[in-house]
Amino acid sequence: MKYLEKILDRYTMYQVLTTVLGVYVLYGLLLSLIGLIIYPFSGLLLSLGVVLSAVLITHYVLAALTKAPANVWSSVITALILFLIFTPTSTLSGLAILATVSVASIALKYVVRYRNVHLFNPVALAAVVAGLFGLAYASWWVGTLWFAPILIIGGIMVVLKIRRMPMVLVGILASVLMVLIYSLFRGEVSSDIFISLLTTSPLWFFMTIMVTEPLSTPAGTKAQIYYGAFIGLLSQIPFAVGSVFNSPELTLLIANLVVWPMTLRGRLTLMCLKVEKVARNTFAYTFRPSFPVQFQAGQYLEWALPHVSPDGRGTRRYFTIASSPKKQNIRLVVRMVEVGSSFKQSLQTFDRGSVIHAAQLAGDFVLPTDASRHKYLFVAGGIGITPFLSQLDYLQDKRQPIDASLFYCNNQMEDVAYAKKLNDYEKLGVRTVHVLKDAPENWNGEIGYLTKEMLLTYTPDVAERLIYLSGPPGMVAAYENLFRSLGVPKKNITTDYFPGLA
Amino acid sequence: MPLPIIITGILILVSTFSYSILTTINRNDEVLSLDETTVKELMPNAMANTMDMDNMGMPMFSDGTYASAVKYEVPYGYIEPMEVSLTFKGGIVTDAGVSFDVVNPVSADYQNAFENYYKGEVVGRSVEDVSLSRMGGASLTNRGFDAALTAIKAEASGDTVPTAEVVPFEQSSPVMDFNVVSSNDIYKDGTYVVENTYYVMPGFNEPMQTTVTLENNVIADAEVRFASRDPHSLTHQRDFSVAYKDEVIGVPLSEASFSRIGRASLTTIGFNDALKEIRLEALES
């Protein structure tokens, strides 16, 4: 799993999702050729062509009209999902309906939005609206036995990439549970019900592809688990009010609405106020956000910087917020490398007045709500200092003292950022230990890597502390083992994962 | 996670669940007590041994056109009626036809897709070999077809025709249901009373009592009564009641199958079901 995550991290979310959905489409065509699904090959091709062209035309027209930043791959994904859940057809009226639903799903994104971001999963909204008008109903035709294995494999890839495994697993378990409860109430329990749920139902496609849509899911694993459970349970309750009956897509809309207060609630536009150099190749950008952001210290945003001729790594990145949630302005600390990506090159040209966007808020690298009840040991590797800057700044703003030791590991002196600020946190109860791999002469800090002896010298009570590790993946993994060997239970170690490309 | 959001979520789950349970299970209980006797009378040879063939296990299928009406269940408790007709000649299927009364609009997509492909899978094949269950995409419709096929094969080989309930959607093997629809049937004059139910969304039943008087194979009089408390159903039943006599009286029983009397499609399905039962009863007695 870890290995797979590593591979997937090299690709952007859009690349992974488009590839997986593309494989589903090809597989569907193959099944049709062999004759294992009843939809004729020509019908599949026609429907695919109609959905794709209707979606793309609407995308370009609306993007031109509204001048809002829009990613064409996001629309391609919408089109592929629509194709996979609405029954393929080759009749003229059927194709006209498919085209209408396709246009609606893109258009509704621009209509049902708040602060420039859609409130609902776009495909689910289009499906429910089409149903309300009696136009078309999502049949989830991919939910068949022959599709199930590939839906599971593709689903695992998507869920690993977007780091939503707990949420999706809980969602699937909750679905099974509700089917069990419901059939117990009706007095008709049989294994066939579950076999049918796991082979010929929308379950896999719905949970792995639809529910994982990031902008409408809450930030934080715990909240996501509740979200998954809610969707799993609700989607398996059959109810109908008038002509509106429950369906996966309706469930998703209800869930989107319930957790909406927990998302970023909008697409942020951030204007750059100043750029400072805080260490070698390391820059701090202060932004004024277009609306106040509610986040927990240590969480990250998905930043989008549309720029001319982006490279394969795309126009989006995950960066941790480095400032306190109490401050109105948002600070971002970024380290540039010699030959950076087009994204970072573009960021390097930033000046007062430059604009960047951010949409998705997520992350679990946060301190417990009752922060003063625990003792802490923080380890930051290089630019991994950013979540701690946010957390310590927040504690400072709240004037809340804590008992913490921060081991700040860098290659050389020049890489150390915010040394003075960190020194000031001593008043809060935070003791900073600088560790340099390549120390200058007369250096009175620590040299090399963290060792058991070093840790025990500064923090003899290391086993009682909550450990927070943030830095390059290799360092985080190595130090996690180090702390385990010092007797720290796994549940007391929190690591800041590097989510890879967005 | 903020408490108000958790509470909202739990409230939604509890209320939809109880709404769902109230609108399905209680109705079922109410109905069971009402039509228990009818069901028992109608199923004397339920699930009779269809495989007990006379000719050393090699069934012989008589030439002719056969028809079978089945119902299959789709998710959320919808029951989809389906009629299948097959023409056999020398043990080969030479023609096939299906028709549906759409209950759940989602099923219509599957049914359309089914209509586009099934003939190629069925016509020209040996009766013994026909089976659609391996095809994906409209597996529930396929099961309905296979159930009808089983019944037709039983009839064509001169065997006991089995009767059973709806083909449940979670069931992996088809269960049989059967009603003969043939224009040559001679029905006995008299007054027939059938109590049955029809499904309304989502999966609960409305009881109805149908009285039909037959004269010379033609419906001479009809009377339908309901016992619903649900305002939604009541509206449709009222519309049905205003319209049905004009449409029904004077129609030969063998051809009596209606669609959307008084624009009440589900009520009409219930009525059609009652007529099917009356056909059986009028033949047997």
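What follows is a short exchange on labels and the values behind them.

Reply: Keep in mind that this is a predicted model.

Me: What makes α2(A) roughly parallel to α4(A)?

Reply: Take the crossing angle. The axes of α2 (residues 13-34) and α4 (residues 72-85) of chain A cross at roughly 30°. They come within 10 Å. Angles under 35 degrees count as roughly parallel, so α2(A) is roughly parallel to α4(A).

Me: What is the hand of the crossing of α2(A) and α4(A)?

Reply: α2(A) passes α4(A) in a left-handed crossing. On the α2(A) side, the contact includes A:Tyr14, A:Leu17, A:Leu21 and A:Val25. On the α4(A) side, A:Trp73, A:Ile77, A:Leu80 and A:Leu84 are among the residues involved.

Me: How do the residues of that contact divide into nonpolar, polar and charged?

Reply: For α2(A) with α4(A), there are 12 nonpolar, three polar and no charged residues.

Me: Why is B:Ala227 called partly exposed?

Reply: Count the neighbours. B:Ala227 has 14 C-beta neighbours inside 10 Å. Buried needs 20 or more, and exposed means 12 or fewer. The count for B:Ala227 lies in between, so the residue is partly exposed.

Me: Where is B:Ala227 found?

Reply: B:Ala227 sits in the loop between β6 (218-226) and α4 (231-248) of chain B. Its C-alpha atom is separated by 8.7 Å from that of B:Gln209, 18 residues apart along the chain.

Me: How many helices and strands has chain A?

Reply: Chain A has 17 helices and 16 strands. Of its 502 residues, 47% are buried.

Technical notes. Residues numbered from 1 in each chain as written. Chains lettered and ligands numbered in written order. Predicted model: local features only at pLDDT ≥ 70, side-chain atom pairs only at ≥ 80, totals over all residues. Axes fitted to C-alpha atoms, helices over the stretch in contact; angles between N-to-C directions. Helix = DSSP H or I, 4+ residues; strand = E, 2+ residues; numbered from the N terminus. Parallel < 35°, antiparallel > 145°, perpendicular 65-115°, else oblique. Left-handed = near helix turned anticlockwise from the far one by under 90°. Contact = placed C-beta atoms within 7 Å. Nonpolar A, V, L, I, M, F, W, Y, C, P; charged D, E, K, R; others polar.
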